[in-house]
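Please have the sequence and the model open while reading.

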Amino acid sequence: MTSSLNAARRLRELAEVRDLVVDVLVVGLGATGTGAALDAASRGLSVAAIDAHDLAFGTSRWSSKMIHGGLRYLARGQVGVARESAVERGVLLRHTAPHLVRAAPYLLPLTPAVSGGQAATAMTGYRLGDGLRMAARTPRRLLPGPSRISAERALALAAPLNRDGLRGALLSWDGRLVDDARLVVALARTAAAHGARILTRCRALELAGDGAQVRDELTGDTFTIRARAVINAAGVWAAQLNPDIRMRPSRGTHLVLRPETLPGLRAGLHVPVPGESNRFALVLPQADGRIYVGLTDEPVEGPLPDVPQAPEEDVTFLLGVLNSVLEVTVGREEVAGTYAGLRPLLAAEGRTSDLSRKHALLTSAGGVVTIVGGKLTTYRRMAQDAVDRAVRLRDLDAGESRTARLPLAGFTPGDVRAPGRLAERYGSEAESLRALMAEDPALAEPLPTGITGAELVWAVRHEGALNVGDLLDRRTRIGLVPADRAAALPAARAALEY
Ligand SMILES: Cc1cc2nc3c(=O)[nH]c(=O)nc-3n(C[C@H](O)[C@H](O)[C@H](O)COP(=O)(O)OP(=O)(O)OC[C@H]3O[C@@H](n4cnc5c(N)ncnc54)[C@H](O)[C@@H]3O)c2cc1C
């Protein structure tokens, strides 16, 4: 079956699901839900998977885009969680999504504020992280080990660093996604290729162990999807569908800077937060040239917004930390955009929760399986656990999970990629994008961040984009900078009509 998602397929499959009893209904199309849809469909189960909005509408598009090796868990003595993270990082780098995930370098600048003892402790941490890499059998050629480098070399990798008193830097490596939303799109399309019905703009109004009341958000129609097993992967909103669960979300804010704000930044930075021991902010250069600066961690009370906003105090805090290591001062007016996401943290255990791996799997009295917490890096393992639970609970006829070796859409094992922006985003499908541009050279004109009209048309035809928001805020991330979004709006409208 084709992996292409589009408006016509959505309509056809929406009609089909009304007359079926699917094996598994998945609610939520973030990394966890699309991962669960793929896990179930690739075991041969029939699947419907719905989202109230779009693919990657929730937390999955607001991450730092890091595929973590689990070092922070090791620091807290959670060896099992750390190992799982490193193993999943290796799976993505080697087997499933090497087109979307690669190693990225980070510097911890040794400024006068970082004592020799702190530097030694940090280096020990990085070496332990390298041990996790080895334990997970990820080869060094994919993820180099840490080293201490001179001030000259640090400045060659990160020209904007303040050189006054700079003793050098600690260089370490971790995994980085070209884009978190693109991982979700690749998962959804791979699931679709295995027959999963991926239905955006379908909100679950109520869940039961044998299906859900659903509203088509485009027409207002309500209907039932009947299922043998139901998986709630609604992230921070999961508690709205399961009264057994209480969430305690925390907000993480990032700043978005234009490439020209910090020229010569070729590596990410771990910046110690002044006055706090062992807390770091991250400076994250992106493949599209923009630079993200994160990350706050503030508890959130009250009703959950669909799209969280970054408050001004988060912006001031992050700029303060960033400027503490730079030669120049980045001003508020140079912050081109901001974004915030809500971490789906669980407040209390449900009856059958399993919090041992930092993600929780709960089965409600009515038989709904809820999977929450965890992180992007471990989405695959979370999905496997949720489907395993559903299979056992309902005695479904399915084999073992296959996703640890299942290439995602865009990765063809053995394919040698010509390097370049398109290959980084589309892997082996880059050729089809080039063909679109060859057919109509107007589609090769670059938009902000270098995205082309061809990519927008591709997103409409194959990636399930239904409106300008899908195109500018999720299939591409042009919308992270409001001025860029406004500039690209006409091209997005044209792509929908193309
Ligand atoms: C600021 C920040 C930075 C992070 N950085 C990293 C990182 O660098 N690396 C990492 O590994 N992890 C990171 N994480 C964690 C990671 O992003 C999340 O754990 C992960 O994305 C959660 O994915 P999810 O699919 O469970 O939830 P979500 O992505 O939130 O998906 C839930 C979906 O459910 C849908 N939904 C909700 N209610 C309904 C309903 N009633 N009916 C239908 N659909 C519904 C929503 O629209 C949404 O699309 C970060 C988190 C935050 C907040």
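How many residues surround the ligand, and which are the closest? In this predicted model, the ligand is surrounded by 36 residues, and Thr-32, Asp-51, Ser-60, Met-66 and Thr-377 are the closest. By residue type, the shell around the ligand consists of 16 nonpolar, 15 polar and 5 charged residues.

| Residue | Protein atom | Ligand atom | Distance |
|---|---|---|---|
| Thr-377 | polar side-chain atom | oxygen | 2.7 Å |
| Ser-64 | polar backbone atom | nitrogen | 2.9 Å |
| Gly-58 | polar backbone atom | oxygen | 3.3 Å |

On its own the ligand has 1,000 Å² of accessible area, and the protein covers 96% of this. Helix 2 (31–42), strand 8 (202–208) and strand 17 (335–343) are the elements that each give two or more residues to the shell around the ligand.

The second largest pocket is described next. Its volume is about 250 Å³. The pocket is lined by 16 residues, of which Trp-62, Thr-338, Tyr-339, Gly-479 and Leu-480 are the closest to its centre. Two or more lining residues come from strand 17 and from helix 14 (482–497).

Which element gives the most to the lining of the second largest pocket? That element is strand 17, with 4 residues. The lining of the second largest pocket divides into 8 nonpolar, 4 polar and 4 charged residues.

Definitions and conventions: Residues are numbered from 1 along each chain as its sequence is written. This is a predicted model: local features need pLDDT of at least 70, side-chain atom pairs count only at pLDDT 80 or more; totals for chains, interfaces and linings use all residues. Side-chain values use heavy atoms; hydrogens and water are left out. A residue is near a molecule or strand if one of its heavy atoms lies within 4 Å of it. A polar contact is a pair of N or O atoms within 3.5 Å; within protein, one must be able to donate a hydrogen and the other to accept it, and residues adjacent in sequence count only if both atoms are side-chain atoms. Accessible areas come from the Shrake-Rupley method with a 1.4 Å probe; for residues, only the protein chains shown count as cover. Ala, Val, Leu, Ile, Met, Phe, Trp, Tyr, Cys and Pro count as nonpolar, Asp, Glu, Lys and Arg as charged, and the others, Gly among them, as polar. On a 1 Å grid over the protein atoms alone, a cavity is a set of points where a 1.4 Å probe fits but cannot get out, and a pocket is an open set with protein on both sides within 12 Å along at least five of seven lines; lining residues have an atom within 4 Å of a point. Grid points are joined across faces, edges and corners, and a volume is the space filled by probe spheres set on the points.
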